[in-house]
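Dear colleague,

I am handing over the structure below, and after it I set out what was found there. Please keep it open while you read.

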Amino acid sequence: MIATLIVAWIVFIILWKLLKATVSSALTIAAILVLLNIGFGITPQDIWHHITQFAQTISQIQRGK
């Protein structure tokens with residue numbers, strides 16, 4: 001019984017740390033997107049378009065080798 005509680009507590013702590021890290025990262029990304037939009041007029045769609053173009057370029061380079 002006590003071993004089960006200890007294991008459950010350890011799992012809870014690990015999940016809590018993971019959740020905190022995830023929320024922190026999400027808030028940081030959201031803040032960066034808002035600042036880019038307000039400061040430079042760059043929308044999330046613009047960023048996503050450049051990311052997909054970059055991925056296509058990388059795959060073309062790898063196929064060319």
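**The aromatic residues and what surrounds them**

W9 is exposed, with a relative accessible area of 55%, in a model that, please bear in mind, is predicted. The ring of F12 and the ring of W16 have their centres 6.5 Å apart and their planes at 20 degrees, and because planes under 30 degrees apart count as stacked, the pair of F12 and W16 is stacked. F12 is partly exposed, at a relative accessible area of 45%, and W16 is likewise partly exposed, with a relative accessible area of 45%.

W9 and F12 form a pair that is tilted, with 5.5 Å from centre to centre and 35 degrees between the planes. Taken together, W9, F12 and W16 form one aromatic cluster.

Helix α1 covers residues 2–40, and I10 has its place in it. I10 is partly exposed, with a relative accessible area of 44%, and this residue belongs to a nonpolar surface patch of about 680 Å², which is made by M1, I2, L5, I6, I10 and I14.

L19 also lies in helix α1, where it is partly exposed at a relative accessible area of 45%. Between L19 and T4, which are 15 residues apart along the chain, the C-alpha atoms are separated by 22 Å.

An unreviewed UniProt entry lists residues 6–36 under "transmembrane region". In the model, this span of residues 6–36 is 100% helix and 0% strand, and its end C-alpha atoms lie 45 Å apart.

T57 is found in helix α2, which covers residues 44–64, and at 39% relative accessibility T57 counts as partly exposed. From T57 to K17 there are 40 residues in sequence, while in space the two are 36 Å apart, taken from C-alpha to C-alpha.

**The protein as a whole**

The protein has two helices and zero strands. Its radius of gyration is 20 Å, well over the 11 Å that the globule rule gives for 65 residues, so the protein is more spread out than a compact globule. Taken along the principal axes, the C-alpha atoms of the protein fill a box of roughly 55 × 40 × 10 Å.

Are the residues of this protein buried or exposed, and what part of them is buried? Buried residues make up 0% of the 65 residues in the protein, where buried means a relative accessible area under 20%. The accessible surface of the protein comes to about 6,000 Å², and 75% of that surface belongs to carbon and sulfur atoms.

With kind regards

How values were computed:
Residues numbered from 1 in each chain as written. Predicted model: local features only at pLDDT ≥ 70, side-chain atom pairs only at ≥ 80, totals over all residues. Heavy atoms only, no water. UniProt positions renumbered as here; feature names shortened; annotations may be inferred. Helix = DSSP H or I, 4+ residues; strand = E, 2+ residues; numbered from the N terminus. Patch = residues over 30% accessible without salt bridge, like charges linked within 9 Å, V, L, I, M, F, W, Y side chains within 5 Å. Areas by Shrake-Rupley, 256 points an atom, 1.4 Å probe, with all protein chains shown as cover. Salt bridge = Lys/Arg side-chain N within 4 Å of Asp/Glu carboxyl O. Buried < 20%, exposed > 50% of the residue type's maximum accessible area, 1.4 Å probe, protein only. Rg over C-alpha atoms; globule rule 2.2 N^0.38 Å. Phe/Tyr/Trp six-rings, centres within 6.5 Å; stacked < 30°, edge-to-face > 60°.
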